[in-house]
Amino acid sequence: MPEKIVLAYSGGLDTTVAVKWLIEERGFDVVALTIDLGSQPDLAAIRQRALTAGALRAYVLDARRPFIERFCWPALRAGALYQGQYPLATALGRPLIAQLLVEVAAREGASWIAHGSTGKGNDQVRFDVATAALAPHLRVLAPLRDGMSMTREEEIAYARARNLPIDVKPESPYSVDENLWGRSIEAGVLEDALLTPPEDAFRWTSSVDNAPASPLLFEVDFEKGIPTALDGATLDGMELVAELNRIGGLHGVGRIDMIEDRFVGIKSREVYEAPAAIILHAAHGALEELVLDGEAARFKTSAAQEYARLVYQGKWFTSHRRNLDAYVLSTQQLVAGRVRVKLHKGTAQVVGRSSPYSLYRPKLATYSAGDQFDHQAAVGFIKLVGLPVRTQAEVQGIAETEPLLEDDGHVVEVGPGSLEGGFAEPVLRAAVPGIVDAHLRR
């Protein structure tokens with residue numbers, strides 16, 4: 001009997017041709033799996049297309065809720081932004097798809113899984129490594145990488161010759177992947193790193209020029225690091241993200257243009273739209289500033305970078321990521337409160353925050369009446385902080401510096417009118433070019 005292979009099926013030209021190619025060229029029984037993470041408008045039609053193309057069976061799954069709750073929320077709590085910018089939308093979706101491929105393979109008794117990645121991108125790593133972690137006995141095949149080497153025109157001819165159900169449309173100038181957490185755009189004219197991304201590359205976000213002139217203020221509530229409400233109205237994760245994508249996109253928020261270090265070793269110009277993710281990361285970070293102590297906040301910055309690296313490199317199903325999750329979760333127990341955000345002309349600015357667990361105390365921070373800070377305690381504190389510096393200067397000598405003043409510190413010039421009061425105000429001229437006009441006074 002033919003071996004079964006479970007194919008991640010998008011319904012597009014590549015994977016529709018792959019169904020028939022896997023049957024004809026590799027002798028498989030193909031089981032198609034289509035997963036909606038927020039970009040599949042008609043799952044029933046896609047399922048029928050897979051069956052018409054020759055799939056033995058076709059699964060269609062709406063996985064938007066587990067995607068947000070089990071993958072996006074942990075990354076948000078961690079503060080995971082790859083290279084400090086990319087909220088990892090595509091990278092977070094791949095381990096979920098891989099897990100479902102493995103689960104369907106177990107149900108079907110399949111010994112292979114397949115995906116539509118090429119041999120040049122990060123996704124092949126994410127799918128292959130995730131499968132190895134979850135089901136090391138399964139073998140992985142990527143038709144576009146492993147033998148089905150056709151141009152788009154050859155794929156169209158192949159499909160037409162076999163009456164495959166494809167809807168040939170004008171080819172998009174871009175390669176696009178999207179889900180609820182973000183939309184990635186690459187290739188085409190975007191490969192010119194100097195070129196401003198054309199407006200036709202964007203679908204979710206308005207340009208700054210077309211964004212509303214008036215700003216929008218709203219509030220986001222968090223519990224244990226997870227957003228739970230907008231302007232006091234409780235929403236589930238899917239609803240909340242969808243609404244923030246809508247209002248953020250309307251105000252031109254969420255565009256990212258970066259040179260990205262791919263895991264396969266090349267640099268790539270990547271353009272993203274991620275209004276909800278950008279807004280929530282900003283709001284979550286502002287709330288953490290309020291409730292995390294300084295030591296935890298500094299260390300968590302390092303953990304966030306490591307978390308983002310693991311997700312980007314396809315290492316979701318690793319003990320290291322689970323260990324990081326345990327640490328992150330422990331930091332989020334008191335990350336609760338409300339954050340006020342202003343959207344205006346492409347920016348999402350935090351303009352207020354509050355929490356019952358806030359470590360900010362106005363009576364300690366104020367310079368006005370009611371100041372409770374012990375100013376005299378600072379004297380001893382500074383003495384201890386400076387003790388090793390003073391000791392080193394006494395024992396090993398003063399640190400070498402380039403002199404900033406001419407001569408030996410005598411008066412070089414006197415400011416006009418400075419003698420009227422019966423005294424001279426000496427002005428020392430800086431000896432370093434460029435700061436001559438910034439006079440140092442003693």
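Predicted model: local features only at pLDDT ≥ 70, side-chain atom pairs only at ≥ 80, totals over all residues.
Now the overall picture. The secondary structure of the chain comes to 12 helices and 17 strands. Its C-alpha trace spans about 105 × 55 × 45 Å along the principal axes. The radius of gyration is 29 Å, whereas a compact globule of 442 residues would be near 22 Å. And 43% of the residues are buried.

On to charges. We've got 46 positive and 57 negative side chains. Side chains of opposite charge can pair when their charged atoms come close.

Let me show you a few. Arginine 94 pairs with aspartate 177, with the closest N and O atoms 3.2 Å apart. Arginine 94 sits in helix α4 and aspartate 177 in strand β6, so this pair ties together parts 83 residues apart in sequence. Is arginine 94 buried or exposed? It's buried, at 12% relative accessibility, while aspartate 177 is partly exposed at 21%.

Next, arginine 309 and glutamate 306 meet at 2.7 Å, N to O. They're 3 residues apart in helix α9, which puts about one helical turn between them. Arginine 309 is partly exposed, with a relative accessible area of 28%, and glutamate 306 is partly exposed too, at 24%.

Last one: lysine 267 bridges to aspartate 261 at 2.5 Å between the closest N and O atoms. Lysine 267 is exposed at 60%, and aspartate 261 is partly exposed at 30%.

Notes
Residues numbered from 1 in each chain as written. Heavy atoms only, no water. Helix = DSSP H or I, 4+ residues; strand = E, 2+ residues; numbered from the N terminus. Rg over C-alpha atoms; globule rule 2.2 N^0.38 Å. Buried < 20%, exposed > 50% of the residue type's maximum accessible area, 1.4 Å probe, protein only. Lys, Arg positive; Asp, Glu negative; His and termini not counted. Charge placed at Lys NZ, Arg CZ, Asp CG, Glu CD. Salt bridge = Lys/Arg side-chain N within 4 Å of Asp/Glu carboxyl O.
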